[in-house]
Each structure stands twice: as C-alpha cells, then as structure tokens.
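Please examine the sequence and the structure below before reading on.

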Amino acid sequence: MRVLALDVGVSLVKAAVLDVQSAAPTGPVVGVTYDLDHPTPEAAEVPPERLWSVVTAAARQAMRGVDTVDGIGLSCLAPGLVLLGARDQPLAPI
C-alpha cells in the first residue's frame, strides 16, 4: 500500500509517496517553499491561494511516475483559521 504524505510547515511543504509497510519513500521527497506575508511586525499570514498552489505543486512533483496511491496523509505544523463565505471561498488570509 502506498500513500501520498504531505507535510505543511511554516514556509515549506514536503511531499512524498510512502510505502506503508516499510514506512520508506518510494521516490523523491519533494520540498516546495513559500513566502509568508507580514502585515505587521508581529503577525504572519499566507493567502489561501498561495498555500494551495504550493501544496498541489509538491503533490504533483511527488506523484511523478506514480499511477495511484491508496490514501493521502496530511500533517500541518499549526492550526490556521480559514473563514469561508457563501461560495465556499476563503474570506481572509490564513
């Protein structure tokens, strides 16, 4: 069994396809960086579109040459509030 593992950190998203039985990557471990915005000196935020773009880029790179996986694992460094409007779109940065 193989899973696509995604690790969303503060400024880096890592992705790899892992063999569940051995817990080893079956291909490259990919890292894609992203920038945080600092609206004030003590705050950091990221637009949802930027984060989604980085997550999908990392996933695509890790899945190169892989036909299917049996699941997806997601790990996030810290919780982030994402408020959605009536059209299920984010209303503010994370």
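Does Pro90 count as buried, exposed or partly exposed, and why?

## Pro90

The model under discussion is predicted. Pro90 counts as partly exposed because its relative accessibility is 28%, and the partly exposed class lies between the buried limit of under 20% and the exposed limit of over 50%.

Pro90 lies in the segment that follows β5. Residues up to four places away in sequence not being counted, Pro90 touches Pro48, Val82, Leu83 and Leu84. Glu49 stands 41 residues from Pro90 in sequence, yet their C-alpha atoms are 8.8 Å apart in space.

## Overall architecture

The protein chain contains 1 helix and 5 strands. Read from the N terminus, its elements follow the order β-β-β-β-α-β. The C-alpha trace spans about 45 × 30 × 20 Å along its principal axes.

Of the 94 residues in the protein chain, 23% count as buried. The accessible surface of the chain amounts to about 6400 Å², and carbon and sulfur atoms account for 57% of it. Where contacts link residues at least 6 apart in sequence, 45% of them join residues at least 24 apart.

## The nonpolar core

The largest nonpolar core has 17 residues, and those touching the most other members are Leu4, Leu6, Val8, Val13, Tyr34, Leu51 and Val55. Two or more residues of this core come from each of β1, β2 (12-19), β4 (30-33) and α1. The largest share, 6 residues, is supplied by α1.

Val55 illustrates the packing. With neighbours within four places in sequence left aside, Val55 is in contact with Leu6, Val8 and Val13.

## The largest pocket

The largest pocket holds about 690 Å³ of space. Its lining consists of 24 residues, and those nearest the centre of the pocket are Val8, Val46, Leu51, Cys76 and Ile94. By residue class, the lining comprises 19 nonpolar, 3 polar and 2 charged residues.

At least two lining residues come from each of β1 (2-8), α1 (48-63) and β5 (71-76). The greatest contribution is that of α1, with 7 residues.

Methods
Residues are numbered from 1 along each chain as its sequence is written. This is a predicted model: local features need pLDDT of at least 70, side-chain atom pairs count only at pLDDT 80 or more; totals for chains, interfaces and linings use all residues. Side-chain values use heavy atoms; hydrogens and water are left out. On a 1 Å grid over the protein atoms alone, a cavity is a set of points where a 1.4 Å probe fits but cannot get out, and a pocket is an open set with protein on both sides within 12 Å along at least five of seven lines; lining residues have an atom within 4 Å of a point. Grid points are joined across faces, edges and corners, and a volume is the space filled by probe spheres set on the points. Helices (H or I, at least four residues) and strands (E, at least two) are DSSP runs, numbered from the N terminus. Ala, Val, Leu, Ile, Met, Phe, Trp, Tyr, Cys and Pro count as nonpolar, Asp, Glu, Lys and Arg as charged, and the others, Gly among them, as polar. A nonpolar core is a set of buried Ala, Val, Leu, Ile, Met, Phe, Trp, Tyr and Cys residues joined through side-chain atoms within 4.5 Å. Buried means under 20% relative accessible area, exposed over 50%, partly exposed in between (1.4 Å probe, protein chains only). Contact means heavy atoms within 4.5 Å. Accessible areas come from the Shrake-Rupley method with a 1.4 Å probe; for residues, only the protein chains shown count as cover.
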